[in-house]
Amino acid sequence: MTREAVIVDTVRTPIGKRKGALSGWHPTDLLGHTLRALLDRTGVDPERIDDVVGGCVTQVGEQGCNVTRNAWVAAGLPQSVPATSVDRQCGSSQQAVHFAAQAVIAGSYDLAIACGVESMTRAPMASNAAGGTGPFSADFLEACKGQLMTQFEVAQILAGTFGITRREMDEYAVRSHQRAHESTVDGHFAREIVPVPIKDEEGRETGELLTADEGIRPETTVEVLAALDSAAKWDPSIAPDITAGNSSQMSDGASAMLIADRAVAEQLGLPVRARIRHMVVGADDAVLVLSAPNPVTRKLLARTGLSIGDFDAIECNEAFAAIALMWAKEFQPDPERYNPRGGAIALGHPLGASGIRIMTTLLNHLEVTGGRLGFQTMCEGGGQANATVIERLG
């Protein structure tokens with residue numbers, strides 16, 4: 001019998017600003033809160049879970065020592081259930097979905113959870129690069145011809161390669177905020193968000209709840225963004241058009257998805273919301289870091305025979321407006337179907353949680369609009385990218 005990996009349910013926390021409303025949460029506990037909420041929503045017996053696969057990028061300090069396993073235990077869930085943490089940089093939780101779905105299809109798992117967490121407040125970006133001579137050895141640098149660059153500089157180079165102007169990036173960023181705001185006001189995001197109690201600096205609950213994403217700025221305009229200086233403050237000349245306004249926000253958040261074999265889900269009376277129809281991963285130039293969404297998309301289209309017009313909704317992570325526009329320049333999606341609920345520029349980008357956050361939003365959008373096929377890709381450190389196609393079934 002052919003096995004199918006299906007999505008039973010998927011949730012996320014509101015995304016908090018770095019040093020914002022979720023900064024009082026230890027990331028282990030924030031992910032644990034999200035895992036518990038997912039299980040409560042589905043009613044599945046946690047003892048039935050075969051594995052928990054979690055994405056996290058900065059696996060050091062409070063996110064070290066297998067944060068996914070620690071979160072499962074901290075949530076008071078059965079310690080007989082294993083868990084592991086993976087790092088494919090920004091695509092870590094999208095990769096967690098791939099690993100869990102592949103194991104379900106192979107018959108190794110019947111029920112699995114893919115999840116992700118990142119507290120960019122408490123485990124700052126690049127804090128895992130400390131020690132020794134750092135993560136980039138002499139041989140690595142030689143392979144890259146000594147051209148290791150910041151993501152700001154790479155975003156500027158790719159913008160130039162694809163003929164993307166500063167105004168286009170700022171206009172795109174404003175649209176992201178507008179779409180995210182509309183999706184908050186009309187209750188769309190409430191379908192996927194697990195409210196989180198706000199904690200103070202000592203970790204005590206204040207009695208308040210965070211119920212909406214903290215970084216959305218509906219009042220921003222192209223004129224406001226045009227006045228911002230380069231995000232590369234140490235040398236603005238390397239990325240004059242890349243600003244905090246047209247880049248993703250550093251954030252805190254968590255996400256989780258229950259994946260099952262379709263026959264098992266039906267036997268247990270669980271909802272079957274979508275199937276994970278196609279999965280590929282790819283890589284490009286490690287120097288350019290952010291360019292791989294385009295070749296991985298070409299790879300997926302070639303393998304599946306699908307075309308961009310087949311997708312009812314498309315998500316390309318807004319790590320930078322330059323990257324979302326780079327993808328759009330090549331593939332020419334219908335603008336109304338492309339990142340239709342806004343993205344990381346407005347919502348934030350808690351690195352290890354973003355892959356499932358995006359897929360959660362994508363699935364909810366398909367359900368609300370009656371769409372069938374959704375496509376997702378995102379750039380990842382080291383010049384990599386994942387691509388996933390989901391098919392709505394519910």
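I began with burial, taking buried as under 20% relative accessible area, exposed as over 50% and partly exposed as in between, with a 1.4 Å probe and protein chains only. The model is predicted, so I kept to the rule that local features need pLDDT of at least 70 and side-chain atom pairs 80 or more, while totals for chains, interfaces and linings use all residues. Residues are numbered from 1 along each chain as its sequence is written, and side-chain values use heavy atoms, with hydrogens and water left out.

**Entry: aromatic pairs.** I looked up Phe 152 and Phe 320, whose ring centres are 6.1 Å apart with the planes at 85°, so I noted the pair as edge-to-face. Phe 152 belongs to helix H5 (residues 151–161) and Phe 320 to the loop between strand E10 (313–316) and helix H10 (321–331), so the pair ties together parts 168 residues apart in sequence; helices (H or I, at least four residues) and strands (E, at least two) are DSSP runs numbered from the N terminus. Phe 320 is buried at 5% relative accessible area, whereas Phe 152, at 23%, counts as partly exposed. I also noted one aromatic cluster, formed by Phe 311, Trp 327, Phe 331, Tyr 338 and Phe 375.

**Entry: charges over rings.** I required NZ of Lys or CZ of Arg to be within 6 Å of the ring centre and within 35 degrees of the ring normal. Lys 199 lies over the face of Trp 25, at 3.7 Å from the ring centre, and the charged end of Arg 12 sits over the ring of Phe 189, 5.0 Å from its centre.

**Entry: residues around Gln 95.** Gln 95, in helix H3 (residues 92–106), is buried with a relative accessible area of 4%. Which residues does Gln 95 contact, leaving aside its neighbours within four places in sequence? With contact taken as heavy atoms within 4.5 Å, I found Arg 88, Val 281 and Asn 386.

Key: Rings of Phe, Tyr and Trp (its six-membered ring) pair if their centres lie within 6.5 Å; planes under 30 degrees apart count as stacked, over 60 as edge-to-face and the rest as tilted.
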